[in-house]
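Here is a short briefing to read alongside the structure. Take a moment to look over the chains, then work through the points below.

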Amino acid sequence: MHKKLLAAAVPLMAVGAMTGCGSSSDSGSGGSGGDGAPLKIALIPPSGGPLAVFGKDSTTAWQFAADEANANGGVDGHKVEIVTSQTDGTPAATVRAARKATQGGARFISGVITSPENGALQQQLPSMNAISFNTFGKDDALTGKQCSANAYRTVQNTAMDVDAVAKSLEKLPATKWAIQAVDYATGRTAAKIFTAAAKQAGKQVVLTQYAPLNTTEFGSYITKIKNSGADGVFAIEFGADGVAFVNQGAQFKLFQGLKSVLGFNMVSEPLFDALGDKIEGFYNNIGYVHQLDNAKNRAFVAAWKAKNGGKDPYYVQADAYLGAQTLFEAVKKAKSVDPAKVKTALDSLSFDSIVGQVSIRPGDHQILRDSYLGQVEKQGSGLGWKVINTVPASETQPQADPSCKL
Amino acid sequence: MSTTAEQVPSEVPATDPAALLAPAPVGSGLDRRTVLRGLGLAVVVLVVGLFVPDVISDPTNMGIATDGVVLGILALSIGFLAHRSGLISLGHTAFYGASAYGLAIATTSWDWSPMQAIVFAVLGGTVLGLVIGAFVVRTPGVSFLVLTLAIGQALHQLVVQDSVRETTGAYDGLAVTWGADDKVAGIAQADIGNAATFWPLAWVSLVVVLVVLWLVGRSRFGRVLEAIRENEERARFSGFNTYVPRLIAFTLSSAIASLAGALFALKASFVSPDTLSFVTAGDSLIAAIVGGFATLVGPLVGGVVYIYAQSELSDSGNLQLFTGIALVVAVVFLRGGIVGAVTDGGRKLRTIVQTRKGAGR
């Protein structure tokens, strides 16, 4: 019986010992937010995997924004403190890390990359008395069905990006389009919106075909495009699929006979070196480009280059910086770092940013900012973006997502 | 403990589960006195455990304790199956995840109350366990491990299909939302993320699971399972049906994994394909191994230790490396896992003390 008692007592002892009995701290009821209280921000990026680089770049940009603010006396007198806690990128680990960070006094969370992590975190934010800034995840559901009163998105969502591409169609020379899309919700939605936009612009869609996610062999798809009589391709292929499609399309000389190659999330700055000259002239949706001509952006780019060996910021870094700017503006408006007051300020926030005038939509906490269509061109020794069209948020997704119940 | 087929009472009908679950005669593990003592101890543990939130005031640590208990229940389901039947499963996330998704879909898409959703989720996971078990328990050993892994992965692939995106949320996952007036054990959804509030639900579930597993393990049925585990052929030659007891054990184990899944979905208010992933399957199996299969509470201790270590070490960027080292240490140096090592150490200490006492006389 003694052995049984010992065995039964072990879990209780383990729970007590492992979790450090009786440590005291505030219980998530919020900081004082008073004069001199630091503005503590927790960043929770993934430590490994294909998205780790984006987490790292987000962290760098938040730190850059914090250093910049602190050099100017803090945000409305509040010193900015960044705490970074890496996880394995699983939702449960991210939520635990967020809870730990809020226990340490951080009431503002960012740097979370994947949709499931953001989705899981958003459900727990009210109980943590914390506010999150999603600067990377574009899935519509995060400001739709999964929206949270304490979660804000400062990057365009997928619907905005697709609308921006569709509304730029008139500016592209091709008249007969083939659609090559990933067999995924985004692929099908983008294809549908594009087809409707093409019809409205007096253009024709001669072929629509879908390839499963993780397709590595596009030979048969490329042959069909070549035989379709299309003079333009709209490709909705992401990541490795996008790279494979571009590389195989070049091998099959697909792009040589086309007037327009339009990508959706297919090419971006991190892939420029890997894809090389074969993507010169390609069009693609873009969320941020360092050439944006406004005073705030010019100052940001100059300061960034000075601190990062002359390298221009790309969209992940700029979007994270915009997230920081959004928080800082809300703190200034609230004159406090108390999350409840900052939240009130955020709900009606509108300010001049590195991407021009932006505002937070109260109905779903989606930021309203311009979207762009860009064309890849030679810039110096490498490739860069030339902005072809700017589509304001009032044209991309003017209404709050009705499935969001805040 | 090495129980052989000879120890199984020969009068037990080979295919009657009700008879198999009957208490064993005095001296064979589950007499009335033992049952009463066990239940008394369970009540004490239950009551004492309910005061844990008063002792651990830190919400972060309380969250770790709660997550540890939920993972511990999942690990218990795997540990029970491994210890009693010798079947090592890498697919219990199928029932854990299916139950979590069942609860999420029932509350969010069908507007069921959370209590109805819990019953649906656990029953659904259990029925899934029964159906899958009917096929896989015939193939013990490595084949069983691979089959369960394949089933877990198949279910993972199913929920990420674009055709079911509206229902499961595919890779984006699914938020669990229920009515503002609905409550689970007196807890509204707005408060369920608070670990201290959620704790009683997790703790009571855990104690009930422990009692059930203890009773089953000590019953005639438990003995039959052990006999089959030790030598299936001999058990069969002795007139026992070796299939039905293993199927019952597998189904019971899947029911417990389903309960863990429902608890997880309630607390997280969000489910994603990670609940069905190989990583979650590995986590729970490693927790069970590190804690120790041989005792009832070993997997539970493994679950708590695992979550604590994950929380402390995830910042290092080398979580998987540390997990691997912990597994190697547990397998090579801690025979019987943490609890096995502690009880072994206690036994050795007692022997030393008794030897010295004897020498002193």
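Predicted model: local features only at pLDDT ≥ 70, side-chain atom pairs only at ≥ 80, totals over all residues.

Across the interface of domain 1 of chain A and domain 2 of chain A, the rule finds 1 salt bridge. In the salt bridge between A:Asp161 and A:Lys138, the closest N and O atoms lie 2.7 Å apart.

**The two domains of chain A**

- Domain 1 of chain A covers residues 30-156 + 291-367, while domain 2 covers 161-286.
- To the contact, domain 1 of chain A brings 5 residues and domain 2 of chain A brings 4 residues.
- Taken over C-alpha atoms, the centres of domain 1 of chain A and domain 2 of chain A are 32 Å apart.

**What is buried between them**

- Together, domain 1 of chain A and domain 2 of chain A bury about 390 Å², with 54% of that area on carbon and sulfur atoms.
- Of the area that domain 1 of chain A buries against domain 2 of chain A, 70% comes from A:Lys138, A:Tyr314 and A:Tyr315, more than from any other three residues.

**A nonpolar patch on chain B**

- A nonpolar surface patch is formed by B:Leu321, B:Phe322, B:Ile325, B:Val328, B:Val329, B:Val331, B:Val332 and B:Phe333, which together have about 740 Å² of accessible area.
- One of these patch residues, B:Val332, sits in helix α16 of chain B, which spans residues 319-332.
- Is B:Val332 buried or exposed? B:Val332 counts as exposed because its relative accessibility is 52%, and the cut-off for exposed is over 50%.

Key
Residues numbered from 1 in each chain as written. Chains lettered and ligands numbered in written order. Heavy atoms only, no water. Patch = residues over 30% accessible without salt bridge, like charges linked within 9 Å, V, L, I, M, F, W, Y side chains within 5 Å. Areas by Shrake-Rupley, 256 points an atom, 1.4 Å probe, with all protein chains shown as cover. Salt bridge = Lys/Arg side-chain N within 4 Å of Asp/Glu carboxyl O. Helix = DSSP H or I, 4+ residues; strand = E, 2+ residues; numbered from the N terminus. Buried < 20%, exposed > 50% of the residue type's maximum accessible area, 1.4 Å probe, protein only. Domains from an automatic or database assignment. Contact = heavy atoms within 4.5 Å. Buried area = accessible area lost by both parts, 1.4 Å probe.
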